[in-house]
Amino acid sequence: MADSPWDEIREKFQTALALSRVELHKNPEKEPYKSKYSARALLEEVKALLGPAPEDEDERPQADDSLGAGEHALGLPAELVEAEGPVAQGAVRRAVIEFHLGVNHIDTEELSAGEEHLVKCLRLLRKYRLLHDCVSLYIQAQNNLGILWSEREEIETAQAYLESSEALYNQYMKEIGSPPLDPTEHFLPEEEKLPEQERSKRFEKVYTHNLYYLAQVYQHMEMFEKAAHYCHSTLKRQLEHNAYHPMEWAINAATLSQFYINKQCFMEARHCLSAANVIFGQIGKIRTTEDTTEAEGDVPELYHQRKGEIARCWIKYCLTLMQNAQLSMQDNIGELDLDKQSELRALRKKELDEEESVRKKAVQFGTGELCDAISAVEEKVSYLRPLDFEEARELFLTGQHYVFEAKEFFQIDGYVTDHIEVVQDHSALFKVLAFFETDMERRCKMHKRRIAMLEPLIVDLNPQYYLLVNRQIQFEIAHAYYDMMDLKVAIADKLRDPDSHIVKKINNLNKSALKYYQLFLDSLRDPNKVFPEHIGEDVLRPAMLAKFRVARLYGKIITADPKKELENLATSLEHYKFIVDYCEKHPEAAQEIEVELELSKEMVSLLPTKMERFRTKMALT
């Protein structure tokens, strides 16, 4: 039983804090917020016992209190005062209660009431916010308002509150620097107050949360460079202060790698992914922390899902690095340019020197054993663009390892779209590896592997529900057959007298490519099976490419029947003419297929003459 009003206040406050921490699932099913409401009632009792503040005159806060703008965002005024004396001490204690009431209302989804209490907290603390006793509370109130406004999609207001918190932290650390009082300490007896080390830990955690929320705000505002910087800083600080849960940290690091991949910063991307692997490996090996969420702690399915998601990020890393190398070394028809390859080899040493010295310092996660463990993962995977088949194969094998890992969770039953995307990435890995392969027979086998993994996918897919996916796969299979046919023709050209088996093989590949290109083109038709007069922008280039390749395929069919050959030439001409005519009617389409359009115009000019000569020859025989 409390012996004095102050003891009663402290007791009620501590009980309210304990009730606030009760997890929702421990409340009755029909009263999920029962403990929150009980905590609120106690906080209101404490507020009443503390009495009204001098500022409390039933008036709403001023405009600059309720928005994170003006002086909140631009800096701190000089007229800050010490939080001493009964008036100041009372204001600070009331601010603590207003803060907890604000958080309580937000937890129970009463956002407007929550905002009102948090703004009241800021009003009470405004004069004292840079002080040892108040700075942590002020930053936490602003952080919560930043989150609240972000959830309302008022991103600029959220940004102002969060940037104000960041500025206040930096100013406090520069001008004062000592670990500030934690908000819970205002109602503790002197002997129970926290040691300096614990205060510092809690204050740094508050700032880390501030950076984390800023990263999300900048991401939402499409300020991607800034978002990545803040995300990286957050992850780094979480490791430094040992304030993270391995699963969440690993996923955030893997997600950050995708930003670096898109920026072609492959060393940074590799570092993030390697760190993700190492930290993810800690799950179950280290004690759970106060940051551990219930969902992360005991759900095996979530573990396997996150493992699959990290694997997919690795796949993208390997694939993009290989594709980047291909773009750097291919000629105008997509084959390996030996001169470009030699130039890149000459640049390799310079690239190594620059990357290792400049970037490594900026992206390092962890220290000591953790840093060594991350480095050990990094050393197994290159961050340099592969310049030959052996280097490309190493990346391919790494990517393929993660394909198998991702498919363990993302199976066709239950994760149709994800499974298909993983298989498409696997196919793409084979496709880009084939670019580096000089043996044409082995290249054919790689494309054959692609077809073998892609064809089964569209057998069970409902084209009505998975129209876009179906189109992608049809086009990709057609292109694989098309590439195989070209390779077989090149092989046959080197033989003096290709036998009937080779001819049959070429024609079968041709036929299969035609089949899938036609399936793709037919998917563009309306319900009455009419091909559109205006092709949608999203499928314009693939549709034009399909038409061009169909035209070329008909011209490549090998037949001893002159009449059949003439028919094939006529069909080929028809498709070339479609491309030329469409681009005349829709000039914007010409920009999508400049090379193919020029070749089509050339064929429209040449084929009629060739066909006429063929007819004359047929008439004479």
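Which helix is Ile 420 found in? Ile 420 sits in helix α18 (residues 416–436), where helices (H or I, at least four residues) and strands (E, at least two) are DSSP runs, numbered from the N terminus. The model described here is a predicted one, in which local features need pLDDT of at least 70 and side-chain atom pairs count only at pLDDT 80 or more, while totals for chains, interfaces and linings use all residues. Residues are numbered from 1 along each chain as its sequence is written, and side-chain values use heavy atoms, with hydrogens and water left out.

The protein has 25 helices and 0 strands. Of its 621 residues, 48% are buried; here buried means under 20% relative accessible area, exposed over 50%, and partly exposed in between (1.4 Å probe, protein chains only). The accessible surface comes to about 32,300 Å², computed by the Shrake-Rupley method with a 1.4 Å probe, and for residues only the protein chains shown count as cover. Carbon and sulfur atoms account for 51% of that surface. Among contacts (heavy atoms within 4.5 Å) between residues at least 6 apart in sequence, 73% join residues at least 24 apart.

Back to Ile 420, which is buried with a relative accessible area of 1%. Leaving aside residues up to four places away in sequence, Ile 420 touches Ile 412, Leu 457, Leu 461, Val 469 and Ile 473. One of these, Leu 457, is 37 residues from Ile 420 along the chain, yet their C-alpha atoms are separated by 7.3 Å. Met 247, in helix α11 (residues 246–262), is likewise buried, at 2% relative accessibility. Glu 476 belongs to helix α20 (residues 467–493), and its contacts, not counting residues up to four places away in sequence, are Gln 424, Ser 427, Ala 428, Arg 450 and Leu 454.

Charge pairs come next. Side chains of opposite charge can pair when their charged atoms come close. With a salt bridge taken as a side-chain nitrogen of Lys or Arg within 4 Å of a carboxyl oxygen of Asp or Glu, the count comes to 30 salt bridges. In one of them, Glu 98 pairs with Lys 47, the closest N and O atoms being 2.9 Å apart. Glu 98 lies in helix α5 (residues 85–107) and Lys 47 in helix α2 (residues 34–50), so this pair ties together parts that are 51 residues apart in sequence. Glu 98 is buried, at a relative accessible area of 3%, whereas Lys 47 counts as partly exposed at 25%.

Arg 270 forms a salt bridge with Glu 378, and here the closest N and O atoms are 4.0 Å apart. This pair links distant parts of the chain, 108 residues apart, with Arg 270 in helix α12 (residues 266–280) and Glu 378 in helix α16 (residues 368–378). Both Arg 270 and Glu 378 are buried. In the bridge between Arg 525 and Asp 522, the closest N and O atoms are 3.0 Å apart. Arg 525 is partly exposed, with a relative accessible area of 33%, and Asp 522 is partly exposed as well, at 35%. Salt bridges also link Glu 8, Lys 12 and Glu 45 in a network.

Glu 537 is in the loop between α21 (500–522) and α22 (540–556) and is exposed, with a relative accessible area of 74%.

Most residues other than glycine have a negative phi. Glu 109, however, has a positive phi of about 65 degrees; its place is in the loop between α5 and α6 (111–125), and it counts as exposed at 62% relative accessibility. Phi of Glu 153 is also positive, near 65 degrees. Glu 153 is placed in the loop between α7 (135–151) and α8 (155–175) and counts as exposed, at 63% relative accessibility.
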